[in-house]
Amino acid sequence: MTAPITSATALHADAALPATERNVPHHGGAINPSVEALKHTFGDAIVRADVMWGETTVFVHVDQLHAIVQWLHDDPSQRYDYLVDVTAVEYRDALRPIEVVWHLRALGYRRFLRLKVELPKRSTMIVPSIIDIYSGADWLERECYDMFGIKFDGHPDLRRILLWDSYKEGHPLRKNFPLRGRFSRAEQLKQALAQDPEARYSMNELTIAEAFNSLPEDMRRRLAAERAARGGEEGGE
Amino acid sequence: MTDRMTGERRTIEMALGTSGLDAQGQPLRAPLVVQGGSAVALETMSTDEPDMSADHMLINIGPQHPATHGVLRLVLELDGETVVRCIPHIGYLHCGFEKIGEYRQYNQIIPWTDREDYLNSPGNNVAFALGCERLFGVEITPRCTVLRVIAMELARIISHVVWLGTTSVDIGAFTPFLWLYQERENVYNLLEGWVGARLTTSMTRVGGMAADIPDGWLDGLRAFIKGFSSTLEESVRMLETNAIWAGRTVGLGAMSAEEAVNAGLSGPMLRASGVAYDVRKDFPYLDYETYDFDVPVGTAGDVYDRFLVRVEEMRQSIRILDQAVRRLPDGPVNVDDPRLILPPKHKATSEMESMIHHFKLVMEGPRPPAGECYVAVESPKGEKGYYLVSDGSAKPVRWRIRPPSFVNLSAIPKMVEGHLLSDVIAINASIDIVMGEIDR
């Protein structure tokens, strides 16, 4: 692993200090030099690139995404060591594909790059997880899954994060999700009252607690049912 | 066992003055047998209690626990008192800010930005306005730029002050909390004098500010700058070389520079680990490159370093405020762009054209060209970014908040595992979380 960058100024002290950007054009403007290198290395996997409001967006092919991010992270000429954000955009136009967006920063080179993958709405909506490259992707990918239903292949613990596990109304940031929710107020209230607050332990946590036999009866039943569903490979007590 | 039943011998359980340890490391509480005046130890009683030393315990902290700074819930697996595993749960405050934003005009979103990181409302307002102005392609006036710097640095001070106060309460020092909250009150008085609101300021508009500062306001700010430094130094003096403070913070929750960058930490959390990444320096906005200030950097990345970094940031904020007060130019606060800025009230009530203009701006809202931008600022918690996508209508297609505390908090399992249960509180406090921003 390459040494960490503790200060961008230390890396290239001769470069001019960055300044507040002014009069940034809507289109055009200086393109991020990483795009040329990406096209050279990955060829057809780079679908297109454009510059909007001074930020470079690169549309990449979903199959190559993991390799591209890995290369951007590792290559000494790129070193995108900082994952800013993972999110998605769905447009109001029903025919336009959903875009999954990764914002990357190279702290040493003071570069910012936006990667995008387009997912047609009727597709399975699976993209590779980059949690093995950036550990910070963990919650960001979980949130994206929670809000959009996009699955991150390779994420070890892909479950809802802001909403609760048993949330049934779908993925709220999808455009076909109404602002007030899918269910009626009465139904939402009914479900909320039916919630057992003690049942909010995940299966992971239930296995810890079971060592004490101190679980409430209903939780023990849940655990047994879950075990049975998994085929009982762990064996009962 | 049978000996005890026989009558001549009496079994007394005694609390030993100096408790010894037995071969298993358990405190010695063996029953003693009195025989002719001398005490003789009996064999240890066998009990039906299970041997729990090999078992792990499940501890649930929160969501309603004062030390979790909101509604964070941590499920901890403990081996004795040592944390083996930490599973955080969030989402108790989720109210769908990003979804609601898709149904609001840009200026109508600004009150929502107050309520995510509510200790940094002016900073969020400024960050969102900067994002919108990029999306609309407008340049703000010089006076507005400096006013926004003042707003952001005041917000940084109140946020760090709350952090220092509450963290010292978590660790057991109550006095700095009161001193610092008095200073926070002073900042809120200043904000109230500026925009009328204290906590939820909504002080920016796309293309300018809600209000210019009133006459004499700068005198109040100068008085605050003068008074705050002494309060800060007083509080810091109480903690910095305090044995209890150091004992409860040094070496806790340390993150190396590689780990911190890889985990996406930002703000004081990242800088305490030795990475000098500050959005104000590396990707400047609001002419921050023209201000003379330093970026403090820690070495160990532990709770103590985070404390030192935040304290030094407050001192640097004072420096920036001082420079901003000196350079504040005269001139208009809002851009001269009728697409964005409402006409003056007296015109809207007297001229037909202005009234129509006012009506259309309020009812339909300004429309940016189709496009997208990500604008990040250095909030007290770290890199706060707004990713705005527009399709040319008056409401954004997507308003994404990049919440710094959310990403910082996601590293908490790595930070607490291996530490004691009581240290979880100190480490959690050092992250400086605001659940409103994490759950949104």
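Modeller: A strand is a DSSP run of E with at least two residues, a helix is a run of H or I with at least four, and both are numbered from the N terminus. This is a predicted model, where local features need pLDDT of at least 70, side-chain atom pairs count only at pLDDT 80 or more, and totals for chains, interfaces and linings use all residues. Residues are numbered from 1 along each chain as its sequence is written, while chains are lettered from A and ligands numbered from 1 in the order in which they are written.

Colleague: Where is A:R110 found?

Modeller: A:R110 sits in the loop between β4 (98–106) and β5 (111–119) of chain A. Its phi is positive, about 55°, although A:R110 is not a glycine.

Colleague: Why is A:R110 called partly exposed?

Modeller: We count other C-beta atoms, placed from the backbone, within 10 Å of a residue's own: 20 or more means buried, 12 or fewer exposed, and in between partly exposed. A:R110 has 18, so it is partly exposed.

Colleague: And what makes A:N23 count as exposed?

Modeller: A:N23 has 8 C-beta neighbours inside 10 Å, and 12 or fewer is the rule, so A:N23 counts as exposed. A:N23 lies in the loop between α1 (8–11) and α2 (34–42) of chain A, and its phi is positive too, near 45°.

Colleague: Now chain B: how many helices and strands does it have?

Modeller: Chain B has 18 helices and 11 strands. Of its 440 residues, 47% count as buried.
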